[in-house]
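Biologist: I'm new to this one. Can you put it up and walk me through it?

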Amino acid sequence: MSATIPLTQKTEWHDLQHHAVQIGQHHLRELFAHDPERGERLQVSAAGLYLDYSKQRVTDETLDLLLKLAEACGLQERIEAMFRGELINTTEGRPVLHTALRAPKGESIWVAGRDIVPEVHAVLDRMTEFSNKVRSGTWLGYTGKPIRNIINIGIGGSDLGPEMAFEALRHYSRRDLVFRFVSNVDGTDFVEAVRDLEPDETLFIICSKTFTTEETLVDAMAARDWCVKQLGAGQALANHFVAVSSNQVAVERFGITIDHMFGMWDWVGGRYSMDSAIGLSTMLAIGSENFHAMLAGFHAMDSHFRHAPLAKNAPVVLGLLQIWNTNFLGAQTLAIIPYEQYLSLFPAYLQQLAMESNGKHFTVDGNAVDYATSPIYWGAAGTNSQHSFFQLLHQGTLLTPCDFIGFCQSFNRLGVQHDLLMANLFAQSEALAFGRNAQEVRDQGIAENLVPHRTFDGNRPSNTILAQCLNPHALGALVALYEHSVFVQGVIWHIDSFDQWGVELGKALARKTSAEVASSSDAVLTHDSSTNALIRRYKGCR
């Protein structure tokens, strides 16, 4: 492993740069014409997912060079280091073991001299017991009524994961229970979430690993005040609040008993925590059996990632293709297009997973990078997205790779609708890849002055991921696929994918500014002239 050699000085990096110039002369039309079996060959299957990457602008030589770069960056060793629980989150001195959250009973994963798998399953067992009580109606609120409404309060991974999972698995959810998610410190988020609910039938899940996250605590206090005001007694909170946290002292100080607290560990990052107790709302919605099926999907992809050869390893291939598109073809974004309405929140979930992980400009050694790191992730569900931003994808000036995600079976098959949905998925990736040249437009009898407007360059790369159906196992495998692909990219870029210091400065400044904003006095402001003027204008209009 040659980690001491800067990435852009590695021979393998230079080889890819030279290769990128050569491949720039070849269109995907040409690549498919010269390789009739390309569509069947450039694919990999893992944990029930099928990844077709044949419409990427790559050849066998490209893939070989990318794998050599991965070897030069010590990818296989870094994968093993993560699974062994080494302190790969170097800036925080922590192991990274979200994979332990889905390890089956009987496996052993050692951290600081103790096996953590029994601890994980002890929490899962408590979650299952609690979930069964709420779902069966035996967990009663202050007035003796069963719980009908569950509100998850958290932010970042404590919100994006649970809400995405709930929407993705809504087909499996209990329809007689109401689930809502509050994350924004904007009071509107909380007020609208509880507007039509009764507090004696409502359970709040307060999700914060440290139990110090300002936005979450402000919303939690609003929930506490709402319950006390409506029910008229502080002791009414006992069966209406539970916490997911690692900070027992702060949870008790808030007023939640330890019996109603579900633990976490510092080796789980927030954006990797949807399969921990942060997923309590998910278990309440879909039941413990389905939740464990989701964990099995995660674990299946984990096992594949750890043991499959790099050349046939789905997360490795996905991650290396992103390196290729970002660093050698100059793409700055990645569009995530799920052709499944239940996955409408998946692009937003991946935004945090990828951009908070790899949006870094220093290596683990503290050296400034001289290459692009995380692209911008964005997207929306198809076919809606076809009528909003696909114009840019097909004829815009930016190279925007796409990941299309589809399922062979629908839970809501109405007439020909699912066939039409999937036909659109296949057609869009085909159109992006092959386009339509000027002569083909003319052959359709289009007037010559319109030919340029009806021409599509094509040669725009995409992946297509297919699964049988969006069941809990498939969701777990899909999330783990992207988790590990993000890790692969971080290894190549030699950055720490598991810290997030970039969110700290804004928070620190906000703590200072909030006191100034709240003050009714005309105290001297010490910010720049723009910020000072904005604060004065806000206070004057308030």
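Modeller: One term to start: contact means heavy atoms within 4.5 Å. Helices (H or I, at least four residues) and strands (E, at least two) are DSSP runs, numbered from the N terminus. This is a predicted model, where local features need pLDDT of at least 70, side-chain atom pairs count only at pLDDT 80 or more, and totals for chains, interfaces and linings use all residues. Residues are numbered from 1 along each chain as its sequence is written, and side-chain values use heavy atoms, leaving out hydrogens and water.

Biologist: In what order do the 5 strands of the open sheet run?

Modeller: The order is β6-β5-β7-β8-β9, with parallel pairing; two strands pair if DSSP finds at least two bridges between them. β6 (178-182) and β9 (261-263) are the edge strands, each pairing on one side only.

Biologist: How many bridges link β5 and β7?

Modeller: Strand β5 (residues 149-153) pairs with β7 (residues 202-207) over 5 bridges. I150 has L203 as its bridge partner in β7.

Biologist: Which strands does α9 lie across?

Modeller: Helix α9 (residues 214-231) lies across β5, β6, β7 and β8 (241-245), at about 160° to β7. Axes are lines fitted to C-alpha atoms, for helices over the stretch in contact, and angles run from 0 to 180 degrees between N-to-C directions.

Biologist: New topic. At what angle do α12 and α13 pack?

Modeller: About 75°, with the axes of α12 (residues 288-307) and α13 (residues 314-328) 7 Å apart. M301, H304 and F305 of α12 make the contact with A314, P315 and V316 of α13.
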